[in-house]
Amino acid sequence: MKEVSVVIPNYNGIGYIRPCLDSLMTQTVSDFEILVVDNGSGDGSRETVEREYPGVRVIALEDNTGFCHAVNVGIQATDTPYIILLNNDTTVLKDFVEKMLDGIRKRPRAFSCGAKMLQMHSPEKMDDAGDYYSALGWAFARGKGKEQKRYSSACQIFTACAGAAIYRRKLLEETGLFDEEHFAYLEDMDLGYRAKILGYENWFLPEAVVYHAGSGTSGSRYNLFKVRYSSRNNIYMIYKNMPWLQILINLPFLTAGFLIKLIFFAAKGFGREYAAGIKNGVSLAFKGSRNGKKMRFSWKHLKNYGKIQLQLWANIVRRITG
């Protein structure tokens, strides 16, 4: 039985999928499988994988069902104790799988571990050293755009970026998989948040290095799709993971944070999309209340909620100061 499965969601990734898979073919360990879940690509990338990489398993979906559904399909199609999720617009160092496995094995309370993601075209700069969330309702990547040498120590993080992260299957069975209502964006924050409520940890592993092109599928840092879905999913994630009293405590911070973001995106020409996303998020939260999606409060997790709240406040400062 293999110990880890590498699941790669792919949508029209013809410009990225070869380098990604080639880098996985040179790993220092061989006890892993690779699974590409294709989201109805029309650019020939699925056929390329099937033709040129016979050792890679491919699951072909008919349509673009989103990141969450694709990776859930991949996770459910495997039975290994660990799952690595990897974006198709990445390449990895030859000891990547080995370092990811070592990192999570030695931390028994770890739900997930995120890799050190560097900017592919400026590898001296960080792309992601762990994802964070603040009481302002702002999600952000630690270290983004900063010198990568500053991020050389392993540490606990708020959540791992699913673009290059390893998960412990037995804990995924406890938290549940990615919420497919998200479709894309903040789905990894939501999942890691749930794990923290249950008392598990998320870690940053600087020894596991990944080069990330960024926006390989959506096309740019800011676009109509990304702005709308990010604000929508943000509202939904707050509803799902914060008890009502915690939402009330954070309401002044959240109101200020969303207002600042609305002004920011309006200046970039995306104000209407951002506001529409917030409206859709409220509707999604009401839908979630009917479907039982809200994380049920338990007194036994009160200490974990307290720790999370302190982190949410501290992350306001972390976001401002970098």
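Helices here are DSSP runs of H or I with at least four residues, numbered from the N terminus. One heads-up before you dig in: this is a predicted model.

**Exercise 1. Work out how the span of helix H8 compares with its expected span, and where H8 has a kink.**

Step 1: Grab the ends. H8 runs over residues 244–267, which makes 24 residues.

Step 2: Compare the spans. From first C-alpha to last, H8 reaches 32 Å, close to the 34 Å expected at 1.5 Å a residue.

Step 3: Find the kink. There's a bend of about 55 degrees at leucine 251, shortly before proline 252.

**Exercise 2. Find which residues of H8 are buried, and what covers them.**

Step 1: Apply the cut-off, which is under 20% relative accessible area for a buried residue. In H8, Gln246, Ile247, Asn250, Leu254, Gly257, Phe258 and Phe265 make the list.

Step 2: Think about the spacing. An α-helix has 3.6 residues a turn, so residues three or four places apart point the same way.

Step 3: Look for the cover. The buried residues of H8 are covered by parts including helices H6 (187–197), H7 (224–241), H9 (271–291) and H10 (302–321).

**Exercise 3. Take the salt bridge between glutamate 3 and arginine 105, and say which parts of the chain the pair ties together.**

Step 1: Check the distance. The cut-off is 4 Å from a Lys or Arg side-chain nitrogen to an Asp or Glu carboxyl oxygen, and this pair comes in at 2.8 Å, N to O.

Step 2: Glutamate 3 sits in the segment before strand S1 (4–10) and arginine 105 in helix H4 (residues 96–105), so the bridge ties together parts 102 residues apart in sequence.

Step 3: Glutamate 3, at 23% relative accessible area, is partly exposed, and so is arginine 105, at 37%.

**Exercise 4. Are lysine 144 and aspartate 127, partners in a salt bridge, buried or partly exposed?**

Step 1: Confirm the bridge. The closest N and O atoms of lysine 144 and aspartate 127 are 2.9 Å apart.

Step 2: Locate the two ends. Lysine 144 is in the loop between strands S9 (139–141) and S10 (155–157), while aspartate 127 is in strand S7 (residues 122–128), 17 residues apart.

Step 3: Read off accessibility. Lysine 144 is partly exposed at 42%, whereas aspartate 127 counts as buried at 9%.

Step 4: Zoom out. The salt-bridge count comes to 15.

Conventions. Residues are numbered from 1 along each chain as its sequence is written. This is a predicted model: local features need pLDDT of at least 70, side-chain atom pairs count only at pLDDT 80 or more; totals for chains, interfaces and linings use all residues. Side-chain values use heavy atoms; hydrogens and water are left out. Helices (H or I, at least four residues) and strands (E, at least two) are DSSP runs, numbered from the N terminus. The expected span of a helix is 1.5 Å times one less than its number of residues. The bend at a residue is the angle between axes fitted to the seven residues ending there and the seven starting there. Buried means under 20% relative accessible area, exposed over 50%, partly exposed in between (1.4 Å probe, protein chains only). Contact means heavy atoms within 4.5 Å.
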